[in-house]
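Thank you for making time for this today. I would like to walk through one structure, and I will state the criteria as they come up.

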Amino acid sequence: MTSLSPLLKQATPVVVDTALGSWINADDGKRYLDFTSGIGVTSTGHCHPDVVAAAREQTGKIIHAQYTTVMHKPLLELTEKLTGVLPAGLDSVYYANSGSESIEASIRLARMATGRPNIIAFHGGFHGRTVAAASLTTAGTKFRSGFSPIMGGVQIAPFPYAFRYGWDEDTAVDFALRELDYLLKSISSPEDTAGFIIEPVLGDGGYLPTPPRFLEGVRERADRIGAVLIIDEVQAGVGRTGKFWGHEYSAAKPDILITAKGLASGFPISAMAAGEDLMAKGWPGSQGGTYGGNAVAAAAAVATLGVVEREGLVENARVRGDQLRAGLEKLQASRPFMGDVRGLGLMQAVEFVDEDGEPDAPAAAAVQQAAVDQGLLLLTCGALGNVVRIIPALVATEAEIDSGLSRFEGAL
Ligand code: PLP
C-alpha cells in the first residue's frame, strides 16, 4: 500500500467528495461550511457553474499551447480583462502558475530593471515557499529554517504590528517608517536597493492589514531612491478585501502587482503586471515556465472575472465582511482570549492570547479542531501560529455568514 508523504500533513480529517459554493461534502456524508476557500482560492465558491462551463469548453478546444510558441485566445482575453481592472499604467502582464513563481519573476525583474541586488521585505510577510520567495518570507520559522542558506540580498524591515507591540496604529507606523529609513542608511543603501515587496494584508503573517500610511510611506521611499514597489496581491486581490485590490485602501500604487489564488477560482494561474517600460527591462527567456498561462486556467480566470463583475462579488465581500467582523467582535466582547479581531472584507482573523496577553497558538489550533466538529473549516496562521483566519468564498450569503458565526461560537 502506498501512503502520502509525511510532508503533506493535513489539518483536518476531511476527505472531499463534492463541493459547491461555500460547502464541502465529505466522503463520510458530513457537510462542512468551508471558510478556508482552499486558502483564499475559490473566490467564486466551489465549482461555480460559469467557471466549470468555461473550463469544460476550453478543454475540448485546446488544453495547452505554450505562449512562447503559439498564443491562445483565453490568454488574450484574460489580458484584456485584467488590464481593465489593474491600476492605470500596469498595462503589461506576464503569466505563471503559482503565486511563488510570479513573486520570483518580480524579484528578477526588479533586479534586472535597477541593476541593484537588494530586496526589502517586511516582518511577518509571506511570499511563497520557493527559495527566493522563502527568503522574503518571515511569517514563521517553518518557511525558512532547515534549508538555509536561502537567497541573499534580502533585508527584513519591521512591519507596524500595533496589536503585538501594544501600541496604537500611528505609533507603530511611525516606528516602522523610522526603522525603514534607518535600514536604508545603515544596511541597504539606496544604490543597492532594487525594490520593496509588501502585502496589502499580511496573509500567513496573521491577517494584518497594512496601514495605508505605511504603504504610502514605503511608496514614497521607493520613489525617493528609484527602487521598485512590488505589491503582493496573491491573497488579498480579486475582491477579497472588499475592494478589487487590497492596496486600494491606500493612495499607494505598485510598480509591479502580483495576483494569483482567487484569479481563477481554483485553477492554477498567476500573473505579474507592470508598466511596459519596466517589463521591457527584462528580456524574453529571462522569465517563463512550461505550464505558465495554461489555456484552461486562463479560460477559468476569464470566467471568474466575469462572475466577480456580474454578481457584484467585490461589494458582497465588503458587506459580508462587515457582517462577519461585527459578529466576531460581539463574540470577542465577553472573551478576553480573543485578543484581536481584524481584517478587511472577507479576510478576517482572530488572534488568540493567554491570560498574560501572550500569543496562544494551542488555543488557535484547538478552535480550528473544534470547528471541524461544528461542521466549519478554518485555517490557522500568524508568525507565532496563534491566529485563526476566516476566508469565506466571495459568494457567501448572509445566512452562511450567520451560520459560520454560530458554528465558530460553538467551537470557542
Ligand atoms: N504571496 C502571498 C501573499 C500568499 O498568500 C501566497 C500563498 O499563500 C504566495 C505568495 C505564494 O503563492 P503560491 O502558494 O501559489 O506559490
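Let me begin with burial: a residue is called buried if 20 or more other C-beta atoms lie within 10 Å of its own, exposed if 12 or fewer do, and partly exposed in between, with C-beta atoms placed from the backbone. Please keep in mind that this is a predicted model, in which local features need pLDDT of at least 70 and side-chain atom pairs count only at pLDDT 80 or more, while totals for chains, interfaces and linings use all residues. Residues are numbered from 1 along each chain as its sequence is written.

Phe 214 counts as buried because it has 23 C-beta neighbours inside 10 Å. Phe 214 sits in helix α8, residues 212-225, where helices (H or I, at least four residues) and strands (E, at least two) are DSSP runs numbered from the N terminus. Setting aside residues up to four places away in sequence, Phe 214 touches Pro 160, Val 173, Ala 176 and Leu 177; contact here requires C-beta atoms, placed from the backbone, within 7 Å. Ala 251 is 37 residues from Phe 214 along the chain, and their C-alpha atoms are separated by 11 Å.

Now to the domains, whose bounds come from an automatic or database domain assignment. That assignment gives domain 1 (29-44 + 311-411) and domain 2 (52-309), and the C-alpha centres of the two lie 25 Å apart. Across the boundary, 29 residues of domain 1 are in contact with 30 residues of domain 2. On the side of domain 1 that touches domain 2, α11 gives the most, with five residues.

What is the size of the largest nonpolar core, and which residues have the most contacts inside it? It has 125 residues, and those with the most contacts are Ala 300 and Ala 301; such a core is a set of buried Ala, Val, Leu, Ile, Met, Phe, Trp, Tyr and Cys residues joined through C-beta atoms within 7 Å. Helix α10, residues 295-310, supplies the largest share of this core, twelve residues. Both domain 1 and domain 2 give residues to this core, so it lies between them. Ala 301 touches Leu 78, Leu 263, Ala 264, Phe 267 and Ile 269, again not counting residues up to four places away in sequence.

Strand β11, residues 256-259, is covered on both faces, with Ile 256 and Ile 258 buried on one side and Leu 257 and Thr 259 buried on the other. In a regular strand the side chains alternate between the two faces of the sheet. Strand β10 (residues 228-232) pairs with β11 in the parallel sense over three bridges, pairing being assigned if DSSP finds at least two bridges between two strands, and Ile 230 stands opposite Ile 256. Strand β12 (residues 270-274) runs antiparallel to β11, joined by four bridges, with Ala 273 as the bridge partner of Leu 257.

Finally, the ligand: 15 residues surround it, the closest being Ser 98, Gly 99, Ser 100, Gly 128 and Val 234, where a residue is near if its C-beta atom, placed from the backbone, lies within 6 Å. Helix α4, residues 99-114, gives the most to this shell, with three residues.

Terms used. Two residues are in contact if their C-beta atoms, placed from the backbone, lie within 7 Å.
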